Amino acid sequence: MFDIGVNLTSTQFAKDRNQVVKRAREAGVTGLLITGTNALESQQARQLAAQHPGYCWSTAGVHPHHASEWSAETANTLRRLAESEQVVAIGECGLDFNRNLSAHDQQEYAFDAQLALAAELQLPVFLHCREAHDRFVAVLEPWLPKLTGAVAHCFTGTRDELESCLALGLSVGITGWVCDERRGLELREMLPLIPAERLLLETDAPYLLPRDMHPRPPSRRNEPCFLPHIVQQVANWRGEEAETLGAQVNHNARQLFKLA
């Protein structure tokens, strides 16, 4: 089982990053993809991945919350980072019309620029979409024939939005959100709709600790070592064996991100 979404640059991991990776290995997690959300964190993510060769990789991108920071210098930084063997995707990029920490036009400009970069470099994209599906598709769709692959990270949308993503050929990343009995029930019912070869799993640690874990860690901090719990729950709701699902999502991640 491979965790495609770990925010290992978070200050919540400042005191024990190496131990976090060690616990993930011991829990049977086969690899980690460390998320880059702006130019600085993308550099930090690459550096962290380099400390664990063959086990950690990273993305390089600008999250829509940081879209107002986009510049030619940012683009050059991401291009330079993408030359390293650790960086295997462009992102986290996309649109977020929920919190609107950057203006919509800034978000769309930065998103389009990163899709262009991914097409140029022939790297897959690690996508973010929240309450922006129509504009997300409008910006993304023209680039799809030029991209090597794409995953809708931390998908929490509607059935129509899921079917739209699948029709576009996207892979779908599912987090511990689906384990939340308050807001994850609709997503839980949609799990069987995702073809096995398009499903990816992730913790989005340190966020989205699965609410149905017992006992919960005292810190309430999510970690990649909790991915087996998500695998087990998703397998149950899809009517599959956890071991089979874990092997499938590991294969899917390595195919999408072109990992050995």
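Between which strand and which helix is the place of Asp180?

1. Asp180 sits in the loop that runs between strand 7 (171-174) and helix 7 (185-190); helices (H or I, at least four residues) and strands (E, at least two) are DSSP runs, numbered from the N terminus. This is a predicted model, in which local features need pLDDT of at least 70 and side-chain atom pairs count only at pLDDT 80 or more, whereas totals for chains, interfaces and linings use all residues. Residues are numbered from 1 along each chain as its sequence is written, and side-chain values use heavy atoms, with hydrogens and water left out.

2. Asp180 has a relative accessible area of 4% and is therefore buried (buried means under 20% relative accessible area, exposed over 50%, and partly exposed in between, with a 1.4 Å probe and protein chains only). A polar atom of the Asp180 side chain lies 2.8 Å from the backbone nitrogen of Arg182. The side chain of Asp180 also makes a polar contact, at 3.1 Å, with the side chain of Arg183; such a contact is a pair of N or O atoms within 3.5 Å, where, within protein, one must be able to donate a hydrogen and the other to accept it, and residues adjacent in sequence count only if both atoms are side-chain atoms. When residues up to four places away in sequence are not counted, Asp180 touches Leu185, Arg188 and Arg211, contact meaning heavy atoms within 4.5 Å.

3. His66, which is placed in the loop between strand 3 (56-60) and helix 3 (72-82), is partly exposed, with a relative accessible area of 23%. Leaving aside neighbours within four places in sequence, His66 is in contact with Thr37, Asn38 and Ser102. The C-alpha atoms of His66 and Asp112 are 14 Å apart in space, and the two residues are 46 residues apart in sequence.

4. Some backbone geometry deserves a check against the model. Most residues other than glycine have a negative phi, and most peptide bonds are trans. A cis peptide bond, with omega about 20°, joins Gly91 and Glu92, and Glu92 is found in strand 4 (residues 87-96). The peptide bond from Ala205 to Pro206 is also cis, with omega near 10°, and Pro206 lies in the loop between strand 8 (199-201) and helix 8.

5. Asp204, in the loop between strand 8 and helix 8, has a positive phi, near 60°, and is buried at a relative accessible area of 11%. Lys258, in the segment after helix 9, has a positive phi near 55° and counts as exposed at 54% relative accessibility.
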